[in-house]
Amino acid sequence: MSQTVRGMISRRKGAPVEVADIVVPDPGPGEVVVKILACGVCHTDLTYREGGINDNYPFLLGHEASGTVEAIGDGVVNVEPGDFVVLNWRAVCGQCRACKRGRPHLCFDTFNATQKMTLTDGTQLSPALGIGAFVEKTLVHEGQCTKVDPSVDPAVAGLLGCGLMAGIGAAINTGAVGRDDSVAVIGCGGVGDAVIAGAALVGAKTIIAVDLDARKLEMAREFGATHTVNAAELDAVTAIQDLTGGFGADVVIDAVGRPTTWKQAFYARDLAGTVLLVGVPTPAMQVEMPLVDFFSYGGSLKSSWYGDCLPERDFPTLIDLHLQGRLPLDKFVSERIGLEDVEQAFQKMHAGNVLRSVVML
């Protein structure tokens, strides 16, 4: 039997989101119904609302979520009813060319639920990142459920489902930041601060936070930044070089994703250093630079997608580190809100007034 629950949808491009009745079918083979406890408001949800992903409206928004498994379909073996899980949008297939080469963190064919959730009139919904978690209950593939320690705050745990994992993973997995490295992070929103927290966790010696907003720079210090640069007052490249003996940082991470910030990251690194793009650019953005500079600087130019994570490996470990007091994930929760407050949360996020608003269901 299907069930009807409340959820937040986006009906058309640019229109305010709205609460609607959502029909959730019973789980089929390989599927799981999860009772959502908390879901973060991520910039990607706003991008969906604005038509920046695709135009498959209406969208069921939300994807940074934690909850409890309520029901499972045939063949499900990884979870059972009652398990506390964090949802993820990389349910690795095990069969694509990346998986077969031992690189499942690059899986090119991740799983989603087969059945569709709908409005009460039968209109099919497109779940954000294959999850759709601004809803009391959601339907996902079993591989999208990662069991973690149930003693953790659900509002904290859910944020690992996207933004925090993207930042922490960028530092640890993609950037391979290590002890005594120097790191610069351009853009100190939620993802940028997660990069800083990840770099601090693995013992980076120098962690430089760069932003235009003094409030964000102050917050970055709470996550482990050893130095801050206000790019509204100083040249970011020169300042980073000055803080690293005139050489530049070993790893520079662009958490903004704009041509200007990427070029800053490129020129602010040491010779043979790493430039890492985490912020998501728009399709129209272009970078024009002398080709000889790419040759002369050497090193690595990388992008990080979901922090190159494996949810079943990384989520439980990061939760355990948080519970041990070694990773301050709770500091990312700026406020706890209701489902009807999502539109206002988008406005706060756009204005830079919050790291994460978390919907409690």
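Predicted model: local features only at pLDDT ≥ 70, side-chain atom pairs only at ≥ 80, totals over all residues.
Helices (H or I, at least four residues) and strands (E, at least two) are DSSP runs, numbered from the N terminus. Leaving aside neighbours within four places in sequence, the contacts of R356 are V41, C42, E64, L159, G163, F332, V333, S334 and E335.

## Strand β9 and Lys137

Strand β9 spans residues 137-141, and K137 belongs to this strand. K137 counts as buried, because its relative accessibility is 16%. When residues up to four places away in sequence are not counted, K137 touches Q3, V5, V24, V33, V34, K35, I36, E70 and M117. The C-alpha atom of K137 is also separated by 8.4 Å from that of G7, although these two residues are 130 residues apart along the chain.

## Helix α5

Helix α5 consists of 12 residues, and the distance from its first C-alpha to its last is 16 Å, close to the 16 Å expected at 1.5 Å a residue. Of these 12 residues, 9 are buried, so α5 is largely enclosed by the rest of the structure. The buried residues are G190, G192, D193, A194, V195, I196, A197, G198 and A199.

The elements against which the buried residues of α5 pack are α4, β11, β12 (206-211), α6 (214-222) and β14 (249-254). Just after α5 comes G203, with a positive phi of about 90°.

## Helix α10

Helix α10 is formed by the 13 residues 311-323; at 1.5 Å a residue it should span 18 Å, which agrees with the 18 Å between its end C-alpha atoms. Its buried residues are P311, D314, F315, L318, I319, L321 and H322. They cover an arc of only 160° around the axis, and therefore lie on the same side of α10.

The cover over the buried residues of α10 includes β6 (84-87), β10 (145-147), α3 (154-158), α4 (163-174) and α5 (190-201). After α10 comes G325, which has a positive phi near 85°.

## Backbone features in loops

Y57 and P58 are joined by a cis peptide bond, with omega at about -5°. P58 is placed in the loop between α1 (43-49) and β4 (59-60).

Two further loop residues deserve mention. L129 is not a glycine, yet its phi is positive, at about 50°. This residue, L129, is in the loop between β8 (126-127) and β9, and counts as partly exposed because its relative accessibility is 23%. A176 is likewise not a glycine and has a positive phi of about 50°. A176 sits in the loop between α4 and β11 (182-186), and its relative accessible area of 51% makes this residue exposed.

## A nonpolar surface patch

On the surface, L291, F294 and L301 form a nonpolar patch whose accessible area is about 290 Å² together. One of these residues, F294, lies in helix α9, which comprises residues 291-297. F294 has a relative accessible area of 30% and is partly exposed.

Key:
Residues numbered from 1 in each chain as written. Heavy atoms only, no water. Patch = residues over 30% accessible without salt bridge, like charges linked within 9 Å, V, L, I, M, F, W, Y side chains within 5 Å. Areas by Shrake-Rupley, 256 points an atom, 1.4 Å probe, with all protein chains shown as cover. Salt bridge = Lys/Arg side-chain N within 4 Å of Asp/Glu carboxyl O. Buried < 20%, exposed > 50% of the residue type's maximum accessible area, 1.4 Å probe, protein only. Expected span 1.5 Å × (residues − 1). Arc of directions from axis to C-beta. Contact = heavy atoms within 4.5 Å.
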